Amino acid sequence: MQTDKKSEENIVRAYVRYLKLERNYSPNTLEAYRHDLGHLLAYCHREQKDVLQIKLEDLQHFAAGIHELGIGPTSQARILSGVRSFYRWLLLDGRIDADPTELLESPRLGEHLPEVLTTAEVDQLENSIDLSKPEGQRNRAIIEVLFSCGLRVSELTHLRLSDLFLDDGYVRVMGKGSKERLVPISQRAIHELQLWFYDRNLMTIKPGEEDYVFLNRRGAHLTRTMILIMVKQQAEAAGIQKTISPHTLRHSFATALLEGGADLRVIQAMLGHEDIGTTEIYTHIDTTTLREEILQHHPRNISSIG
């Protein structure tokens, strides 16, 4: 029996409610999921298919269709990821008996590996900071915490004093979907924080902002944009030629862990990745580094002298 328009709307409404209540997705994320699901529903209406009776071959035709619309590979992958999420929920909710997306492939994306900094380059970044400026020690602590803990910039801006357990050597982080995780913090980062607290204790802090770790000159917590601008300006001051952002320090954290021999599951937990597939990009970075080392140092790749 064909699902009518009203029943379809009720299904979508129930799915979005699940994402909101069970997955704690933000309003912007919910709207993105609803928008991407709209592509599938439009296909079902056009082809007179029942969304609850879709088969793998239907989804393959759908995937080919969004490609022909000129939608880029990254957006195609995002749309298909949303479709998979939708059908996993339908299966979980008992509305279908099998997941038709199980064997659905995403478009191959070019390997755009994120830029990373070596530990020496992070030191170079920190050493270029003018500590005589009021925000100098704060910025140094921000860079060290981003690198030592692998935080997202949004997690850093929302970091609170009540999240710091420095005597025990860890911080509590509120990640995506309001999921908490505990992340170890290095002695170096603790030291930089404690130096920042000397300056912070002399500030006039706005009411309601007292618990935020990092504050601007006006005593309010920092925004993502402020930190982005600071990191880019500091990279330029340090003479670092790479194109970097606060997220580069998170990538650098993960890459350093992998190169140090950490298990991928440990890195996944530290980064707060829900899917280990997201973490696996760092194995590609490590492979790239390994290849460069081999090309540089293997005797077969070194030109013989005279």
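Axes here are lines fitted to C-alpha atoms, for helices over the stretch in contact, and angles run from 0 to 180 degrees between N-to-C directions. I keep that beside me for the helix pairs below.

**Ground rules**

I am working on a predicted model, where local features need pLDDT of at least 70, side-chain atom pairs count only at pLDDT 80 or more, and totals for chains, interfaces and linings use all residues. Residues are numbered from 1 along each chain as its sequence is written, and side-chain values use heavy atoms, with hydrogens and water left out. Helices (H or I, at least four residues) and strands (E, at least two) are DSSP runs, numbered from the N terminus.

**Entry: H5 against H6**

I began with H5 and H6, which pack at an angle of about 165 degrees with their axes 9 Å apart. The two helices are therefore roughly antiparallel to each other (angles under 35 degrees count as roughly parallel, over 145 as roughly antiparallel, 65 to 115 as roughly perpendicular and the rest as oblique). I noted a right-handed crossing of H5 and H6 (left-handed if the near helix is turned anticlockwise from the far one by less than a right angle, right-handed if clockwise).

Which residues meet there? From H5 I listed Thr119, Val122, Leu125, Glu126 and Asn127, and they meet Arg140, Ile143, Glu144 and Phe147 in H6. Contact means heavy atoms within 4.5 Å.

**Entry: Arg140**

Next I looked up Arg140, in helix H6 (residues 136-149). Is Arg140 buried or exposed? Arg140 is buried, at a relative accessible area of 14% (buried is under 20%, exposed over 50%, partly exposed in between, with a 1.4 Å probe and protein chains only). Not counting residues up to four places away in sequence, I find Arg140 touching Glu126, Asn127, Ile129, Leu131, Arg188 and Glu192.

Arg140 also belongs to a network of salt bridges that links Asp123, Glu126, Arg140, Arg188 and Glu192. A salt bridge here is a side-chain nitrogen of Lys or Arg within 4 Å of a carboxyl oxygen of Asp or Glu.

**Entry: other salt bridges**

How many salt bridges does the structure hold? I have 13 in my notes.

One of them joins the side chains of Glu121 and Lys242, at 2.9 Å from N to O. Glu121 lies in helix H5 (residues 119-127) and Lys242 in the loop between helix H9 (224-238) and helix H10 (246-259), so this pair ties together parts that are 121 residues apart in sequence. Glu121 is buried at 17% relative accessible area, while Lys242 counts as partly exposed at 28%.

I also looked at Arg152 and Glu155, whose side chains meet in a salt bridge of 2.5 Å, N to O. Arg152 is buried at 10%, and Glu155 is buried at 4%.

For Arg172 and Asp163 I wrote down a salt bridge of 3.1 Å, N to O. Here Arg172 is partly exposed at 26% and Asp163 is buried at 12%.

**Entry: the cores**

A nonpolar core is a set of buried Ala, Val, Leu, Ile, Met, Phe, Trp, Tyr and Cys residues joined through side-chain atoms within 4.5 Å. The largest one I found has 44 residues, and those with the most contacts inside it are Leu125, Leu193 and Phe214. At least two residues of this core come from each of H5, H6, helix H7 (153-157), strand S2 (170-174), helix H8 (187-200), H9, H10 and helix H11 (264-271). H6 gives the most to this core, with 7 residues.

Helix H1 (residues 5-21) and helix H2 (residues 27-47) pack at an angle of about 155 degrees, their axes 11 Å apart. That makes H1 roughly antiparallel to H2. I marked the crossing of H1 and H2 as right-handed. In this contact, H1 brings Glu8, Val12, Tyr15, Val16, Leu19 and Lys20, and H2 brings Leu30, Tyr33, Arg34, Leu37, Leu41 and His45.

Phe86 is buried, with a relative accessible area of 1%. Leaving aside neighbours within four places in sequence, Phe86 is in contact with Ile11, Tyr15, Leu37, Leu40 and Val51. Phe86 and Leu37 are 49 residues apart along the chain, and I have their C-alpha atoms separated by 8.0 Å.
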